[in-house]
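Here is a friendly note to read with the model open beside you. Take the points in order, and look up each residue as you go.

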Amino acid sequence: MAAEAGNPKLSATALRGVAVQCVDLGYRAEAVQLGEACVEYGQNLDNPRAVAYYEATLAHAAAQDDERRMATRHLAMSEAAIGKPAAAGGDSWAAH
């Protein structure tokens, strides 16, 4: 619904939550797929903290699925994003 409404931040956050739940339930491959979709929706947001949050989600899912290279790459991307200043003033609720 968030995607249909054109809200990438809400779409990414919803996918992030489902990805985390998949990891917890042992559906690791599905968690990686959801994490990839989460990152895709969040990639153009103007808040680097939110982008870092989504990248870290994918890194975690990949690590749980024994995808070491993917996990390392997305953890580095999360680290790079969190070091950038926000383009817009204030913090995004997705950047918590």
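1. **Terms and overall fold.** Helices (H or I, at least four residues) and strands (E, at least two) are DSSP runs, numbered from the N terminus. By that rule, the protein chain has four helices and zero strands, and its pattern along the sequence reads α-α-α-α.

2. **What you are looking at.** This is a predicted model, in which local features need pLDDT of at least 70 and side-chain atom pairs count only at pLDDT 80 or more, while totals for chains, interfaces and linings use all residues. Residues are numbered from 1 along each chain as its sequence is written, and side-chain values use heavy atoms, with hydrogens and water left out.

3. **Inside and outside.** Buried means under 20% relative accessible area, exposed means over 50%, and partly exposed is in between (1.4 Å probe, protein chains only). Of the 96 residues in the protein chain, 38% count as buried. The chain exposes about 5,900 Å², and carbon and sulfur atoms supply 52% of that area; accessible areas come from the Shrake-Rupley method with a 1.4 Å probe, and for residues only the protein chains shown count as cover.

4. **Val32.** Find Val32 in helix H2 (residues 28-42). Why does Val32 count as buried? Because its relative accessibility is 8%. Contact means heavy atoms within 4.5 Å, and, not counting residues up to four places away in sequence, Val32 touches Leu58, Ala61, Ala62, Asp65 and Met70. Asp65 is 33 residues from Val32 in sequence, and their C-alpha atoms are 7.5 Å apart.

5. **Two residues of helix H1.** Val18 lies in helix H1 (residues 8-25), and Ser11 has its place in helix H1 too. Ser11 has a relative accessible area of 5%, so Ser11 is buried. Leaving aside neighbours within four places in sequence, Ser11 is in contact with Ala2, Ala3 and Tyr41. The C-alpha atoms of Val18 and Cys38, 20 residues apart along the chain, are separated by 9.7 Å.

6. **Contacts along the chain.** Among contacts between residues at least 6 apart in sequence, 61% join residues at least 24 apart.

7. **The aromatic pair.** Rings of Phe, Tyr and Trp (its six-membered ring) pair if their centres lie within 6.5 Å; planes under 30 degrees apart count as stacked, over 60 as edge-to-face and the rest as tilted. How many aromatic pairs does a search of the whole structure find? It finds one. Tyr53 and Tyr54 form this tilted pair, 5.8 Å centre to centre with 45° between the planes. Tyr54 is buried because its relative accessible area is 1%.
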